[in-house]
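Dear colleague,

I am passing on the structure we talked about, together with some notes on what turned up in it. Please open it alongside this message.

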There are 4 protein chains.
Amino acid sequence: MPTFALGPNQYGKAETRIVRVTRGPGGDEITDLNVSVSLRGDLAASHLTGDNAAVLPTDTQKNTVYAFAREHGIDGIEAFATRLARHFVESQPSIHGARVAVEQYPWQPVDGRHSFRRDGGEIRTATVHHDDAGTQVVSGVRDLVLLKTTDSEFHGFVQDRYTTLPETRDRILATSVNATWRHAGPAGDAYGTARAALIEAFADTHSLALQQTLYAMGERVLAACPGVVEVKLSLPNRHHFLVDLTPFGLDNPNEVYYAADRPYGLIEGSVRRDDDVAEEVAWSF
Amino acid sequence: MPTFALGPNQYGKAETRIVRVTRGPGGDEITDLNVSVSLRGDLAASHLTGDNAAVLPTDTQKNTVYAFAREHGIDGIEAFATRLARHFVESQPSIHGARVAVEQYPWQPVDGRHSFRRDGGEIRTATVHHDDAGTQVVSGVRDLVLLKTTDSEFHGFVQDRYTTLPETRDRILATSVNATWRHAGPAGDAYGTARAALIEAFADTHSLALQQTLYAMGERVLAACPGVVEVKLSLPNRHHFLVDLTPFGLDNPNEVYYAADRPYGLIEGSVRRDDDVAEEVAWSF
Amino acid sequence: MPTFALGPNQYGKAETRIVRVTRGPGGDEITDLNVSVSLRGDLAASHLTGDNAAVLPTDTQKNTVYAFAREHGIDGIEAFATRLARHFVESQPSIHGARVAVEQYPWQPVDGRHSFRRDGGEIRTATVHHDDAGTQVVSGVRDLVLLKTTDSEFHGFVQDRYTTLPETRDRILATSVNATWRHAGPAGDAYGTARAALIEAFADTHSLALQQTLYAMGERVLAACPGVVEVKLSLPNRHHFLVDLTPFGLDNPNEVYYAADRPYGLIEGSVRRDDDVAEEVAWSF
Amino acid sequence: MPTFALGPNQYGKAETRIVRVTRGPGGDEITDLNVSVSLRGDLAASHLTGDNAAVLPTDTQKNTVYAFAREHGIDGIEAFATRLARHFVESQPSIHGARVAVEQYPWQPVDGRHSFRRDGGEIRTATVHHDDAGTQVVSGVRDLVLLKTTDSEFHGFVQDRYTTLPETRDRILATSVNATWRHAGPAGDAYGTARAALIEAFADTHSLALQQTLYAMGERVLAACPGVVEVKLSLPNRHHFLVDLTPFGLDNPNEVYYAADRPYGLIEGSVRRDDDVAEEVAWSF
């Protein structure tokens, strides 16, 4: 009879939605987060026999997120995630590794006092892994949608039996930036700098391929943020096709486009410092 | 044997995604729209026998949206929708009424030249009805998410056997504004004014009920926009509950909240000018 | 100075997610619902001054949904919604009308005992209005996705300057059925019959237009369900386009299709009994 | 001046939506797929200088998906993905690895002839990696939602300062199964067997922890499918909380539950054959 073995595993509470208000005479501040915790450790018994003596309930993890926001405040999502990840590993003998992933939703003050408007669209992210080997901090942004109306070409590509795409010297280039950047140490205050670098590189690069734009964006973040050692980018190519108006007796001098949903190109890649020898913890599931 | 009759009906092309670029020496502009057309008219034969002699195909409607963007430009979504609605009714003997609904996605210039960032979240809307009785123009905004950290109370309400909600003198008030406003004539340039009025009224109103805030928001739009005769608001009450931290030996002085998903309150209402006697065309389906 | 007036308004608790288990020796049953309540009545004071003396809190409405599931059980979603709607109007002097909308998610038994599998996709619905004028019960289904591989044509339509669509004698026809049907009295046990009628009429009708299929579907429900007086259908035309494979030296004998997302046709209409004189309460917002 | 290096990268066409009809005298069959391709290889020049001489356009990849469906048919999603993955690597000197991920949407025949109903909810998946090291085939299912009304306990867990969860001897257990299973060789015909094993193990296991149920589900797939070497499961714990009805003078004998959205537990793990020494290709990004 065959026997089987438990492989890698983790568990935790996902998507704890917490809003913290800092009240002050000069106006309030709000921090709006979505926190997901994953823990690893001595969890075989729970899987094999249902013995939960080593299991810190996910409900407790949720409570800890709320309590820490009160006890320690939220001094940046990287620091908050790091504090939580270390807590779970250091306080629980059965837990040997923790990953805490945080999404932050931005808000704009409306009146400088108590009212705010969600600054929709893009989301700031941080993911912290902590275990015996140390603490790894990755920051990021997603759903940052960028478009340029020109300065984008695509030609000189492979042609095979299935190729029908014409070469182009001028097209719309649009993407929804999903980027993460790994820090050598703690995150510090790099978010605004990294985000600006992404946007500026997208705008400045005369693009011969979305791959080239991707590399330029990663390179720009590394150049602007000395503490960042690696940048990963996942860039959907949100195709905008010029509409053929000739059946209606009209020309279309790069003016009217159809924004397609699916399919879409997906360009993914990373850019690293040459001296980056440390391997990333591959802890996704 | 019973006989049956065709009741109200309409048809059209929904969600034509069009992006128009206006190129200029001082930088480009982009207009990013989602256009949905519905037509009414002599459509009984198509329903009863499949005779399509009176049917303008939805594919043609899509083509018309693209062609009009080139032939006439897009001088505001209300004007664009009006031009389309009139075209369908005036050019097709079998079509007696048209509704054109437009969503506009806002973009921010990045470099003053060719690059833009989606200004996510809120969406600008316009819906135009046109038929023999005339043209009705309704503008709006949706997914405009607002929150105030205080200045919101809720008490003095009905108590019955099923009431457990405690009265509160201080709570977070948050909503996602879904508003439409109907114009006496053409829309003119009221969008920015109306949107600002909604935000300011939300911020300024010391709220004893979300209903009171709703009325104040509608009233403010009417006061600020002379050409607007009616404002409709649909405001979900996005509950933020104070987390009970006492099990952990912590107080919670209005600082740490849980942002709930469902269920949510939903407050809906309209505010009109006293002299508004015209009835709205109820043309939703 | 202009004065303004409160127009139509309503409020309530939306999307209360309730699951009720009926335990029995022959196996359990589950009822999985999403309940949304809207109330109308003497609500001007709440809007104008924040006086909530006439307001039954939405939190209480949620509690009532839960309590009624225990006190009265859930003997069909139409009956459950009717009981709730009448309760709010009859127990609250300030409330004159109630609308209760219910979505039901279907589950299939797995083992005849305690385990179930979500029968994904389509959702059963019921909406009940109750006020002085009486009780109106509307049942429905949505997200019922149907496709036929042939027996669908589209030709003989209007041609204008913007028409490029070729006529077709054979195409895929696909839609996601969103249907509601209004009962003369209580709903009775018509759901299965009505749903089967919709599917059978879609399959049986050799379609010359989606409008024709729509009418056939409505007619079939009326013929099969004597207590139903009106059927409303909203049918997106989920386009499946034959892929042009000639660039690759291949034919495509109605075999390989591209399933498009947007834009899509949207065909909407109602079919009524000839003797249906009662007007529907138009209580959407 | 620092220098940077291109790290791991890939590109491809995502979400090509293809529907293939097989027409026959005994009724038609439809295959409804969403195909995503990712390629790796000599892509540095495209990133660094925009030289696309090694780039097979994503548009060509889309065309290839359509053409292969006509040239070779779709004899199972694993075989279809394998054929595509091998084609890209074998036909393109610059491409050294390919991943093809397929989602399949199930349909039920309605009339045995031409009409079908989407069997909503769960989705069948296959992901194939192909490179010099060989071909790896992973099958799966996602959005398979299961619930049991009893036979689930949770107690004996760690208690710390932040624990408030009471132990329970009887609760609802519900999850949305996201499972993948890796084959030693080609996939063969294991899908139905694996899916049934997942459902039966969920139903049969008296659960002391969702972890225990997870392990039982993985073990059952391995026992039922000799060609499967590893099963991965990601199981959200869709909490159903008993509603406290005591404020209304009612008991609640495990009858009325609130189905919560967020947060939720997330239990993830893999089960392997003891003799499974081959490492999985970690090719996600």
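**Contacts between chains**

Where chain D meets chain B, the contact takes 10 residues from chain D and 10 residues from chain B. Please keep in mind throughout that this is a predicted model. Together, chain D and chain B bury about 930 Å², of which 47% is on carbon and sulfur atoms. On the chain D side, the residues that lose the most area to chain B are Arg161(D), Phe248(D) and Asp261(D), and together they account for 51% of what that side buries. Two salt bridges are counted between chain D and chain B, and Asp261(D) takes part in a salt bridge with Arg262(B), with an N to O distance of 2.8 Å. There are also six residue pairs in polar contact between chain D and chain B, both residues of each pair being at pLDDT 80 or more. The side of chain D that touches chain B is made up of six nonpolar residues, one polar residue and three charged ones.

For the contact between chain D and chain A, the count is 77 residues from chain D and 77 residues from chain A. The area that chain D and chain A bury between them is about 6600 Å², with 54% of it on carbon and sulfur atoms. Four salt bridges are counted between chain D and chain A, and in the one formed by Arg161(A) with Glu71(D) the closest N and O atoms are 2.9 Å apart. Several elements of chain D give two or more residues to the side that touches chain A, among them β1 (4-14), α2 (58-71), α5 (210-224) and β13 (264-273). Of the elements on that side, β1(D) gives the most, with 11 residues. The residues on the side of chain D that touches chain A divide into 33 nonpolar, 29 polar and 15 charged.

Strand pairing also links chain A and chain D: strand β1 (residues 4-14) of chain A is joined to β13(D) by nine bridges, and the two run antiparallel. Within this pairing, Leu6(A) has Val271(D) in β13(D) as its bridge partner.

Strand β3 (residues 29-41) of chain D is largely enclosed by the rest of the structure, because 10 of its 13 residues are buried. β3(D) pairs with β2(D) in the antiparallel sense over seven bridges, and here Val21(D) stands opposite Ile30(D). The hairpin of β2(D) and β3(D) has six residues between the strands, and in it Gly27(D) takes a positive phi near 115°. β3(D) is also joined to strand β4 (residues 95-104) of chain D, in an antiparallel arrangement with nine bridges, where Ser38(D) has Arg99(D) in β4(D) as its bridge partner.

**Charged side chains**

Over all chains, the count comes to 80 salt bridges. One of them joins Arg262(C) and Glu15(B) at 2.8 Å, N to O; the pair crosses between chains, with Arg262(C) in the loop between β12 (256-259) and β13 (264-273) of chain C, and Glu15(B) in the loop between β1 (4-14) and β2 (16-22) of chain B.

Within chain B, the side chains of Glu78(B) and Arg124(B) form a salt bridge (3.3 Å, N to O). Because Glu78(B) lies in helix α3 (residues 77-91) of chain B and Arg124(B) in strand β7 (residues 123-131) of chain B, the pair ties together parts that are 46 residues apart in sequence. Glu78(B) is buried, at 8% relative accessible area, whereas Arg124(B) is partly exposed, at 22%.

Within chain D, a salt bridge forms between Lys62(D) and Asp59(D), the closest N and O atoms being 3.0 Å apart. Both residues lie in helix α2 of chain D, three residues apart, about one turn of the helix.

In chain A, Glu103(A) is in strand β4 (residues 95-104) and counts as buried, because its relative accessibility is 19% and the cut-off for buried is under 20%. The side chain of Glu103(A) makes a polar contact with that of Arg142(A), at 2.2 Å.

Finally, a network of salt bridges links Arg20(A), Arg70(A), Asp251(B) and Glu255(B).

With best wishes

How values were computed: Residues numbered from 1 in each chain as written. Chains lettered and ligands numbered in written order. Predicted model: local features only at pLDDT ≥ 70, side-chain atom pairs only at ≥ 80, totals over all residues. Heavy atoms only, no water. Contact = heavy atoms within 4.5 Å. Buried area = accessible area lost by both parts, 1.4 Å probe. Helix = DSSP H or I, 4+ residues; strand = E, 2+ residues; numbered from the N terminus. Nonpolar A, V, L, I, M, F, W, Y, C, P; charged D, E, K, R; others polar. Pairing = 2+ DSSP bridges. Polar contact = N/O pair within 3.5 Å; in protein donor to acceptor, adjacent residues only side chain to side chain. Buried < 20%, exposed > 50% of the residue type's maximum accessible area, 1.4 Å probe, protein only.
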